[in-house]
Amino acid sequence: MRALRHVGQIFREAFATAISQPVATAVAIIIVAGMCATVLLTTGRTVGAEQAVLTSIDSAGTRSIVVRAEDGSGLDSTVLDRLANVDGIEWIGAFGAATDTQNAAFPGGQKVAVRDLWVENSTWLSFPTGAEPGVYGSDAALDTLGAPDATGAVRAVDGTTYSILGRATPPDFLNFLEPFAVVPRDRAASGPVSVLVVVAQRPDLVTPLSQTVQSVLAVPDPTKVQVSTSENLATLRALVQGQLGSYGRSLVLVVFGVTAVLVAAILYGLVMLRRKDFGRRRALGASRGLIISLLLFQTAIVSAVGALLGNVTAALGLVVSGDPLPAWDFFAAVSLLAIVVSVAAAALPAIAAARRDPLTELRVP
């Protein structure tokens, strides 16, 4: 408790000292705010753009592995059981061969291909797992069938009739199956698969997962299956992240280095202006550690205010210009780095102030 009270007293005195020197404090705040704003409006804009690009690259479509199997390939829905325990997979869907259907109420209506679907979970498809057999279609499929309200029934070319049970919202990576219409099947009832879609959790897992998927297909003739991936996009992601990150780090080092020099110069000037005050404190028994602590606390307070001001200004500037904002942790990192750099820059002037001879300083007119 005594230590906390001591720290609190130093903090209050440092705050009062900063308030008593409005010009010097304002200059320091402006420098730190300018540092943070410069970093955020340059590197921050780059980081925001990088995050936007990476978010686009990291979409499920760029993480998908698509296996297309010819008729008689031997690929069936049991492949889901073999893939269920593979790490790094976010979603698996197995689609049967396409069967032409049309609205049972309009024998001459347009046809839509319907596929059986076996899936680990149907979260991305907007219908319940384990639903009763029936057709779930996208807006495009239902409009083509003449059933925009998702009611009625469809009849397949082989005479099989299915009720239209509801609407499905396929994710972007399944757009190649549009108009999308599926009949969910129980995993216990296996059947032939013509399209297998596997979505990796991260882009860098696409290549190893594609090899794993091929190894568990268990088809008699591998030439009857084709595997397509987005490996090129995963490579592009690494290049984008590496190049933009390197540019941002270099710029941050330059900006913070220049600011550290300016902060150190300002604080050294303040020390020289206040050397009589420091001499009086030392003569009255203040330790060197106390003098150093006062200057470092004062610098931390001023730099924290400057960092906050710089962050707010930069954020408003990015919003007004329509640029993407970096994540909140980037703002926090810039603020913390600004405070650390300012306090580190203040260390030498603080040590210089603490080492001055009090008798000599008291003679200063």
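Analyst: Start with the surface. F11, F15 and I19 make up a nonpolar patch there, and their accessible area together is about 310 Å². A patch takes residues with over 30% relative accessible area and no salt bridge; nonpolar side chains (Val, Leu, Ile, Met, Phe, Trp, Tyr) are joined within 5 Å, like charges within 9 Å. Areas come from the Shrake-Rupley method with a 1.4 Å probe, and for residues only the protein chains shown count as cover.

The model is predicted: local features need pLDDT of at least 70, side-chain atom pairs count only at pLDDT 80 or more, and totals for chains, interfaces and linings use all residues. Residues are numbered from 1 along each chain as its sequence is written, and side-chain values use heavy atoms, with hydrogens and water left out.

F11 sits in helix 1, residues 2–20. Helices (H or I, at least four residues) and strands (E, at least two) are DSSP runs, numbered from the N terminus. F11 has a relative accessible area of 41%, so it is partly exposed. The scale is simple: buried is under 20% relative accessible area, exposed is over 50%, and partly exposed lies in between (1.4 Å probe, protein chains only).

Now the charged pairs. Side chains of opposite charge can pair when their charged atoms come close. The structure has 3 salt bridges. The term means a side-chain nitrogen of Lys or Arg within 4 Å of a carboxyl oxygen of Asp or Glu.

Take R63 and E90. Their side chains meet in a salt bridge at 2.8 Å, N to O. This pair links distant parts of the chain, 27 residues apart: R63 is in the loop between helix 2 (22–57) and strand 1 (64–69), and E90 is in strand 2 (residues 89–95). R63 counts as buried because its relative accessibility is 9%. E90 is partly exposed, at 35%.

Next, R185 and D116. The closest N and O atoms of this salt bridge are 3.0 Å apart. Again distant parts of the chain are linked, 69 residues apart: R185 lies in the loop between strand 8 (181–184) and strand 9 (195–200), D116 in strand 4 (residues 111–119). R185 is partly exposed at 28% relative accessible area. D116 is partly exposed too, at 25%.

Last, D139 and R167. Their salt bridge has its closest N and O atoms 2.7 Å apart. D139 is in helix 4 (residues 139–145) and R167 in strand 7 (residues 161–167), so the pair ties together parts 28 residues apart in sequence. D139 is partly exposed at 44% relative accessibility. R167 is partly exposed at 34% relative accessible area.
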